[in-house]
Amino acid sequence: MPVIDIPGSKSITARALFLAAAADGVTTLVRPLRSDDTEGFAEGLTALGYRVGRTRDAWQVDGRPQGPPAREADVHCRDGATTARFLPALAATGHGVYRFDASAQMRRRPLLPLTRALRDLGVDLRHEEAEGHHPLTVRAAGVEGGDVVLDAGQSSQYLTALLLLGPLTRRGLRIRVTDLVSAPYVEITIAMMRAFGVEVGREAAGPGQVFVVPPGGYRPTTYAVEPDASTASYFFAAAAVTPGGEVTVPGLGAGALQGDLGFVDVLRRMGAEVSVRPEGTTVRGTGQLRGLTVNMRDISDTMPTLAAVAPFASGPVRIEDVANTRVKECDRLEACAENLRRLGVRVATGPDWIEIRPGTPAPGTGIKSYGDHRIVMSFAVTGLRVPGISFDDPGCVRKTFPGFHEAFAEVRGGLGA
Ligand SMILES: O=C(O)C1=C[C@@H](OP(=O)(O)O)[C@@H](O)[C@H](O)C1
Ligand SMILES: C=C(OP(=O)(O)O)C(=O)O
């Protein structure tokens, strides 16, 4: 039965790169994710003047606590929202003029609440074209710090950018958050800041929550990146749709930082057998998949995974509270609905939900990728049960897992699917 080595977490690799660049000394990242997003992040740091050494299994970053060594830089963030949202905050701590641009896909994705918060903190940040979108320029002169209010109801990445910035400001930050999605990603940020020597405080003050970040900078360290839980969801789902099929992911188990491992609880509720141990996680397909209603606000990167296996459930699958999946690599709610309809499956969507009826997906269906890695990886799972599924842009998996198709073919063989 397949035991799968899943590549490192994208979110952890991006944060580790930021923290390493800001720390006072040299940091080593062990088993970082090597993909378009994280290589784009590392190249962004290089453009900002940091020294990043990359070998196959470890990356080394020479940290510069006083901000980017370069006095001017042009950074291309590609499709990566972590790069596009975290690096302008890092740039603000330096002294220079830093321009950030991104792919057409990333240019469409929003940024305005973060822009506003940075401006409220005195950062000179200007958008060149549409307000709240790339390209943008930061004219940096360090950040004083203080109190700031943030709406992170569209993306937790705005809050992560400010939290990561906090210790690099002169006075620290007190961030009042009025709304928050994808909350477990903020827990990853806070846990990783702790590993780099910073303790974030919390206060419950009136509506929302308050995060208190002390000044004083980061300590370098050696940091081992855990396997990516969102990537693992395709392999867990593969086991769940295969009666008697079993998949084990080592290195991702009890104590993992990533909320997306919670996807296995959804599979358990549907009827799969799940074992989460300190050393790894195993999912076993029982031949039974029940429908359910599930709130995925915390783990919405796995919404397409569930949508793609939903037709095989015995009852309707309703996924709620996932409005922000409309502002990801594509409008994921509509992309999932469109592809399910192409497969002949009955589906309905609302502003923040999708409901999928049981069905028998049509063989030979062409899936529209929308340039979104998660659409391709999710419907690859459907393809385990339906012959002849094809994709118009299979290569877009490079964003987080360039070797996905090879790894998935191996699992398919191992599952006898
Ligand atoms: O902070 C992060 O690393 C991420 C946060 C989430 O985004 P949102 O907070 O925008 O939902 C997630 O979807 C994304 O893949 C990675
Ligand atoms: C939404 C995603 O990526 P990001 O927001 O980091 O570009 C994702 O990987 O599903």
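Q: UniProt positions are given here in the numbering used for this structure, with shortened feature names, and the annotations may be inferred rather than shown by experiment. Which residues does the UniProt annotation "binding site" cover?

A: In the unreviewed UniProt entry, one "binding site" annotation covers Lys 10, Ser 11, Arg 15, Ser 155, Ser 156, Gln 157, Asp 301, Asn 324 and Lys 328. The entry also lists Lys 10, Arg 109, Gln 157, Arg 332, Arg 374 and Lys 399 under "binding site".

Q: What kind of model is this, and how is the numbering done?

A: This is a predicted model, where local features need pLDDT of at least 70 and side-chain atom pairs count only at pLDDT 80 or more, while totals for chains, interfaces and linings use all residues. Residues are numbered from 1 along each chain as its sequence is written, and chains are lettered from A and ligands numbered from 1 in the order in which they are written.

Q: Okay, how many helices and strands are there in the protein?

A: The protein has 13 helices and 21 strands, taken from DSSP runs numbered from the N terminus, with helices (H or I) of at least four residues and strands (E) of at least two. The radius of gyration is 21 Å, close to the 22 Å that the globule rule gives for 417 residues, so the protein is as compact as a globular protein of that length; the radius is taken over C-alpha atoms, and the rule is 2.2 Å times the number of residues to the power 0.38.

Q: Back to the annotated residues: is Lys 10 buried or exposed?

A: Lys 10 is buried, because 26 other C-beta atoms lie within 10 Å. A residue is buried if 20 or more other C-beta atoms lie within 10 Å of its own, exposed if 12 or fewer, and partly exposed in between, with C-beta atoms placed from the backbone. Lys 10 lies in helix H1, which runs over residues 10–22.

Q: What does Lys 10 touch?

A: Not counting residues up to four places away in sequence, Lys 10 touches Leu 33, Ser 35, Asp 37, Thr 38, Asp 228 and Thr 400. Two residues are in contact if their C-beta atoms, placed from the backbone, lie within 7 Å.

Q: And where are Ser 155 and Gln 157 found?

A: Ser 155 is in the loop between strand S8 (146–152) and helix H6 (157–165), and Gln 157 is in helix H6. Ser 155 counts as buried because it has 24 other C-beta atoms within 10 Å, and Gln 157 is buried with 24 other C-beta atoms within 10 Å. Leaving aside neighbours within four places in sequence, Ser 155 is in contact with Val 181 and Asn 324, whereas Gln 157 touches Ala 81, Thr 82 and Arg 85.

Q: Now the ligands: which residues come nearest to ligand 1?

A: There are 13 residues around ligand 1, and Ser 11, Ser 155, Ser 156, Ser 182 and Tyr 185 come nearest; a residue is near a molecule or strand if its C-beta atom, placed from the backbone, lies within 6 Å of it. By class, this shell has three nonpolar, nine polar and one charged residues, where Ala, Val, Leu, Ile, Met, Phe, Trp, Tyr, Cys and Pro count as nonpolar, Asp, Glu, Lys and Arg as charged, and the others, Gly among them, as polar.

Q: Why does ligand 1 lie between the domains?

A: Domain 1 (10–214) and domain 2 (229–415) both give residues to the shell around ligand 1, so ligand 1 lies between them. Domain bounds come from an automatic or database domain assignment.

Q: Which residues are around ligand 2?

A: Around ligand 2 are Gly 80, Ala 81, Thr 82, Asp 301, Lys 328, Arg 374 and Thr 400. Ligand 2 lies between domain 1 and domain 2, because both give residues to its shell. By class, that shell has one nonpolar, three polar and three charged residues.

Q: How many Å separate the centres of domain 1 and domain 2?

A: Taken over C-alpha atoms, the centres of domain 1 and domain 2 are separated by 29 Å. The contact takes 19 residues from domain 1 and 15 residues from domain 2. On the domain 1 side, H1, helix H2 (36–47) and helix H7 (183–195) each supply at least two residues, and the largest share, five residues, comes from H7.
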